[in-house]
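Q: I have a structure open and would like to go through it slowly. Could you help me read it?

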Amino acid sequence: SHQDLCTRPRGCSHTTTSSKRHTKLSAALLPPGKFTAIGMGIGKFYKASPLIAGFLTASTKACFADSMAQYRDTGTTKFDIKRNLAMVLYSGTILGLCCAVMYNQVFPIMFAGETNPLLLAIKMTLFDGFINAPLIWLPPAYIAKALIYNQPKREALQKYVTDVKENGLLKKYWSLWLPASLTNFLFVPAHFRVAFVAGGSFFLVIIWG
């Protein structure tokens with residue numbers, strides 16, 4: 001009515017118009033359809049090429065995480081490219097390739113008879129933490145560093161044993177990765193499990209340096 005028009009606050013029409021323009025601008029800059037398409041494309045890539053995707057994800061993670069760890073370390077005066085290369089080599093091959101094979105090819109065969117999702121996740125978590133970790137996941141990190149620095153591999157393995165016995169390496173590993181792995185196997189789609197591990201190890205590299 002005429003009274004409503006007269007009592008309507010001045011600038012209301014301008015505010016509404018500005019809001020609509022802002023909404024249209026946001027939609028133009030960040031169209032939801034593009035995010036959906038990108039997400040679907042990434043998912044298809046991880047499904048179609050799990051080894052390549054795993055290697056690229058893990059090695060890229062390692063490069064950035066170790067760079068941040070070195071930058072944080074006040075005692076480091078010069079960027080150690082050999083250390084960074086060792087982390088990239090280890091993460092790309094072990095966390096990327098080996099985890100992709102273990103999680104997506106070996107585990108489905110090993111635990112094919114288990115139909116309960118929770119029990120399946122628990123079994124995979126325990127095997128991954130108490131068998132894979134001390135025998136497959138952790139020792140190559142020391143060997144990779146020894147190869148890059150031209151150090152004896154026997155000394156590298158001895159350092160690993162010392163860290164396990166005296167420095168509580170496995171206890172630290174289990175405190176983080178047992179709950180993380182259970183979450184991974186229980187809730188994360190199979191083709192994104194390596195990416196989940198890469199995300200977790202990103203913070204691990206920064207924390208432990």
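This is a predicted model: local features need pLDDT of at least 70, side-chain atom pairs count only at pLDDT 80 or more; totals for chains, interfaces and linings use all residues.

Q: Okay, how many residues does helix 4 have, and how far does it reach?
A: Helix 4 covers residues 50-72, which is 23 residues, and the distance from its first C-alpha to its last is 32 Å, close to the 33 Å expected at 1.5 Å a residue.

Q: And which of its residues are buried?
A: The buried residues of helix 4 include several alanines, among them Ala53, Ala58 and Ala62, and also Lys61 and Asp66.

Q: New topic: how many cavities of 30 Å³ or more are there?
A: Searching the whole structure gives 1 such cavity, and the space in the largest cavity is about 50 Å³.

Q: Which residues line it?
A: The lining of the largest cavity is made by Tyr46, Pro50, Ala53, Gly54, Ala100, Asn104, Ala190, His191, Arg193 and Val194. Helix 4, helix 5 and helix 10 each give two or more residues to this lining, and the largest share, 3 residues, comes from helix 4.

Q: What kinds of residues are those?
A: By type, the lining has 6 nonpolar, 3 polar and 1 charged.

Q: What about the aromatic rings, how many pairs are there?
A: There are 12 aromatic pairs in the whole structure. In one of them, the ring centres of Phe45 and Tyr46 are 6.1 Å apart and the planes meet at 80 degrees, so this pair is edge-to-face.

Q: Is Tyr46 buried or exposed?
A: Tyr46 counts as buried because its relative accessibility is 13%, whereas Phe45, at 35%, counts as partly exposed.

Definitions and conventions
Residues are numbered from 1 along each chain as its sequence is written. Side-chain values use heavy atoms; hydrogens and water are left out. Helices (H or I, at least four residues) and strands (E, at least two) are DSSP runs, numbered from the N terminus. The expected span of a helix is 1.5 Å times one less than its number of residues. Buried means under 20% relative accessible area, exposed over 50%, partly exposed in between (1.4 Å probe, protein chains only). On a 1 Å grid over the protein atoms alone, a cavity is a set of points where a 1.4 Å probe fits but cannot get out, and a pocket is an open set with protein on both sides within 12 Å along at least five of seven lines; lining residues have an atom within 4 Å of a point. Grid points are joined across faces, edges and corners, and a volume is the space filled by probe spheres set on the points. Ala, Val, Leu, Ile, Met, Phe, Trp, Tyr, Cys and Pro count as nonpolar, Asp, Glu, Lys and Arg as charged, and the others, Gly among them, as polar. Rings of Phe, Tyr and Trp (its six-membered ring) pair if their centres lie within 6.5 Å; planes under 30 degrees apart count as stacked, over 60 as edge-to-face and the rest as tilted.
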